[in-house]
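Morning, everyone. I have one structure to walk through today. Let me put it on the screen.

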Amino acid sequence: MKLNNVILKTTTQVVFFMIFLFSIHIFFAGHFSPGGGFVGGLLTASALVLLLLTYDLKTVQQLLPINYTTMTAIGLLLSLGTAATSAFLGDAFFKHYFDHFTLPLFGDTELHTAMLFDLGVYLVVVGVTMIIIQSIGGDE
Amino acid sequence: MMDYFILILIVLISLTMIPIIYRLVKGPTAPDRIIALDAIGVCIIALVGLFSIYMKTSFYVEIALLLAILSFIGTTAFSKFLEKGDIIERDNSN
């Protein structure tokens with residue numbers, strides 16, 4: 001039996017990008033307001049779950065050829081590396097540095113090293129969630 | 001004046017959720033329960049929006065968007081489970 005879910009597929013093609021953009025917004029909002037790497041990662045994972053719901057495991061794997069195990073490893077390395085760098089520089093473990101820079105398009109911007117740590121958390125959350133969902137959902 | 005209006009609306013929408021929860025618990029069939037869950041999601045989104053107006057801040061609007069996304073994905077997953085039996089398929093090209 002083959003069903004052609006026109007409504008679901010058309011909706012997903014629009015809503016996937018909306019959820020993904022919102023997750024990026026939540027990820028970057030996370031320093032001074034609610035949000036951050038964890039929530040952003042969960043939202044990205046839910047966007048990918050919506051893609052998995054509409055299509056199937058094989059199509060999504062061809063569409064986004066991401067090895068989620070490697071993604072989790074890179075995220076852990078980034079988080080621990082950011083945390084440990086300050087220890088090697090003679091400061092406390094997890095100390096975070098920030099400074100003001102003048103970027104061409106954004107003007108005066110405050111850049112933090114905490115954002116690199118958050119990026120690691122984001123990658124770990126997306127990777128682990130997708131590994132769990134793929135290994136549970138792929139069972140016959 | 002406007003504050004009382006918003007408060008009355010919040011109370012009314014909260015009361016609306018009681019029969020929906022009755023349908024969620026009692027609901028004879030599974031589709032009844034799924035639609036009840038979706039309606040509870042819509043009610044909570046409306047409550048968050050009204051609360052945001054009441055507090056005169058736009059801080060809570062993101063929560064409404066987040067709840068809408070989660071409610072949509074949940075309803076889609078439940079509906080696909082009812083319709084097809086399995087939620088994530090391995091290969092549906094054949």
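Start with a phenylalanine in chain A. Phe94(A) is partly exposed, because its relative accessibility is 48%. On this scale buried means under 20% relative accessible area, exposed means over 50%, and partly exposed is in between (1.4 Å probe, protein chains only). Phe94(A) sits in the loop between α4 (68–88) and β1 (98–103) of chain A. Helices (H or I, at least four residues) and strands (E, at least two) are DSSP runs, numbered from the N terminus. Phi of Phe94(A) is near 70°, a positive value in a residue other than glycine.

A word on the basis. This is a predicted model: local features need pLDDT of at least 70, side-chain atom pairs count only at pLDDT 80 or more, and totals for chains, interfaces and linings use all residues. Residues are numbered from 1 along each chain as its sequence is written, chains are lettered from A and ligands numbered from 1 in the order in which they are written, and side-chain values use heavy atoms, with hydrogens and water left out.

Chain B has a positive phi too. Lys56(B) is not a glycine, yet its phi is about 55°. Its place is the loop between α2 (30–54) and α3 (61–84) of chain B. Lys56(B) is exposed, at 66% relative accessible area.

Next, Thr109(A). It belongs to strand β2 (residues 107–112) of chain A. What does Thr109(A) contact, leaving aside neighbours within four places in sequence? Asp99(A), His100(A), Phe101(A) and Leu103(A). Contact here means heavy atoms within 4.5 Å.

Now the aromatics. The count is 7 aromatic pairs over all chains. In Phe16(A) and Phe17(A), the ring centres are 5.2 Å apart and the planes at 75°, so this pair is edge-to-face. The rule pairs rings of Phe, Tyr and Trp (its six-membered ring) with centres within 6.5 Å; planes under 30 degrees apart are stacked, over 60 edge-to-face, the rest tilted. Phe16(A) is buried at 13%, whereas Phe17(A) is exposed at 51%. With Phe20(A), Phe16(A) and Phe17(A) form one aromatic cluster.

Last, the interface. The contact takes 18 residues from chain B and 26 residues from chain A. How many salt bridges are there between chain B and chain A? The count is 0. A salt bridge needs a side-chain nitrogen of Lys or Arg within 4 Å of a carboxyl oxygen of Asp or Glu.
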